[in-house]
Amino acid sequence: MPAQLEAQTEATEARKEKADKVDYKMVTFSLAGKEYGIDIMNVKEIAKAGRFTYVPNAAPFVRGVYNLRGEIISVIDLRIFFHLPAERKEEDSLESLLILRVDDHVFGVIVDAIDKVVGISSQSIQPPHPIFGDINVRYIKGVVENASKLYIILDVERIFAPQREEEEKEEAVPAKALAGAEASPAAGTTLASSGGDISSSFVKETLAAFKGFHVTGLNETWFEQRFSEWKIERAGKDVQLHEASEADEFIGGFWSSCTGRLWEDDYAAAFMATLPDLETKSLNIWNPGCGKGYEAWSLACIFRKRYPETRIKVWANDSDLLAISMAPNMVFPENIPDFYGEFTVKGKNGLSFIQPVRDSIFFEFHDALNPNPLPPLDFIVCRDMLSLLAPADQKKMLDDFADKLKPAGLLFLGANERPGSGWTDAGSEAIGAYRKES
Amino acid sequence: MRVEYINPFVEAAFNVLKEVLNSDVRRGELYLKSTSMPVMGVAAIVGLAGDVEGRVLFDMDKPTALKIASVMNGENLPNFDDLVKATITELANMITAQAVTKLHDLGFRFDLTPPAIFTGENMEVSDAEVEALIVPMETPQGKIEINVAIRERS
């Protein structure tokens with residue numbers, strides 16, 4: 001009997017616990033094949049409807065207005081709002097409509113298909129990840145898993161409520177020629193950041209999401225210039241970046257020359273010209289973020305040519321295991337730049353570097369944000385990598401560079417990067433080199 | 001950690017586990033870690049010296065250790081006794097030794113220290129300033145995490 005009683009209490013407790021857990025219900029639906037959810041407290045009802053009354057001059061995502069039992073509500077197509085593919089249905093067919101209530105406003109949103117109501121524990125909602133891609137992360141309340149499906153919970157209040165304030169603000173600032181009808185919804189609750197140009201800060205955010213590229217003091221000069229060029233290129237059209245390919249196009253000019261291949265003769269010569277005369281017996285060079293290793297090989301040859309009597313050690317590391325694993329045993333086709341001729345030997349599969357050059361490089365699988373156990377360094381070559389780190393990490397790396405570099409050492413950054421205060425310019429136009437301020 | 005060191009450890013772990021357990025072993029995704037890490041319950045450690053300095057740590061929970069020791073000894077070992085400890089220590093030794101042999105063939109000189117085994121609840125390993133490569137291995141007996149931290153003598 002006691003055992004039975006115990007089991008019973010246990011069962012009640014388990015049930016109670018479960019009831020405790022479900023404290024958040026959401027209506028789930030799909031957009032472009034992905035699952036989303038909206039807090040049920042915001043959903044007034046669901047409906048099937050069609051033949052919306054077109055409203056002239058409205059933003060493209062507004063499908064029209066609809067008469068919901070005597071109440072006129074506006075209907076928004078969530079897929080167009082989020083720049084997702086939306087199939088146009090037949091004129092007479094019905095769309096799945098979620099009738100939402102935010103504050104006192106009632107309106108309808110069109111989605112691909114409404115699924116069901118799912119009860120979850122609000123504890124299990126995970127914060128959104130910055131690279132969700134399709135939908136600007138600010139509109140996402142969180143992500144939750146239920147019955148092995150992943151739901152993205154949209155923050156309805158964020159999407160619809162603050163936008164009106166934003167629009168009012170925009171009207172107050174007349175210089176917003178750029179912010180066409182489309183710009184305002186997508187920019188939404190833009191951070192009130194530098195310059196107040198909503199499009200510019202939105203482009204910055206898209207770059208971070210698509211390319212992991214963070215605009216900070218390090219590369220701001222380039223960004224400002226590129227952004228004004230971009231506006232001209234777009235000739236008054238939408239300046240925002242909606243797809244990864246556009247982000248690629250925007251950022252294309254940023255990368256330093258000879259990225260992802262052996263450095264060309266003239267670039268190698270220009271680099272060599274910035275290297276000072278030195279009287280030391282050994283040189284330590286650090287090349288964080290070396291990727292597939294082309295940069296490290298180029299450096300090893302350049303330093304060997306410039307300082308033939310010196311023992312050279314290049315620490316080349318990258319946190320991409322696949323890229324760095326190939327680096328030590330790289331073989332090249334015959335048509336590499338002439339500069340490397342004296343450092344290569346012909347093998348079965350193509351050209352490879354001579355042993356002394358090979359011995360001078362340590363390729364490491366290593367994340368530079370972790371502690372870097374390196375001796376004092378004469379040179380640090382870190383082209384374009386910093387821009388791909390989060391702003392706080394950029395600062396951390398620059399501090400680490402300053403810490404590890406010998407007083408006379410040189411730091412090489414990407415062509416469009418500037419280290420900011422604490423560093424003096426020591427390079428040429430083609431090569432960005434910097435020395436620590438003492 | 002130098003790229004050249006990674007494969008010998010991964011291969012050695014895979015080969016030795018497959019051989020002694022006589023079953024399919026799966027390797028998980030490799031990754032880097034530099035924070036302190038909790039130990040699952042049983043940790044065998046082998047030190048490395050020579051051209052480099054470092055250590056290899058084999059981490060698993062107690063049931064896994066018991067099951068592996070049972071398979072390796074061909075008898076059911078229900079208690080965590082000296083035989084089980086000796087067996088896990090030996091496994092750590094075998095894997096590290098095979099990796100070091102492979103590295104020797106590639107021209108890197110490593111020496112081993114005798115292995116040691118730690119057991120207990122709620123243990124944590126923290127070696128500051130060291131980044132470790134984690135090689136997770138899935139065996140039918142349970143999960144083993146191999147934690148390799150090696151750096152060049154500078």
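Author: Two strands pair if DSSP finds at least two bridges between them; strands (E, at least two residues) and helices (H or I, at least four) are DSSP runs numbered from the N terminus. The model is predicted, so local features need pLDDT of at least 70 and side-chain atom pairs count only at pLDDT 80 or more, while totals for chains, interfaces and linings use all residues. Residues are numbered from 1 along each chain as its sequence is written, and chains are lettered from A and ligands numbered from 1 in the order in which they are written.

Reader: How many bridges join β4(A) to β5(A)?
Author: The strands β4(A) (residues 62-68) and β5(A) (residues 71-77) run antiparallel, and they form a hairpin with two residues between them, where Arg69(A) in the turn has a positive phi of about 45°. Leu68(A) has Glu71(A) in β5(A) as its bridge partner. The number of bridges joining the two strands is six.

Reader: At roughly what angle do the axes of α1(B) and α3(B) cross?
Author: The axes of α1(B) (residues 3-21) and α3(B) (residues 82-105), lines fitted to C-alpha atoms over the stretch in contact with angles from 0 to 180 degrees between N-to-C directions, come within 8 Å. The helices are therefore oblique, the class left once angles under 35 degrees (roughly parallel), over 145 (roughly antiparallel) and 65 to 115 (roughly perpendicular) are set aside. The crossing angle is roughly 135°.
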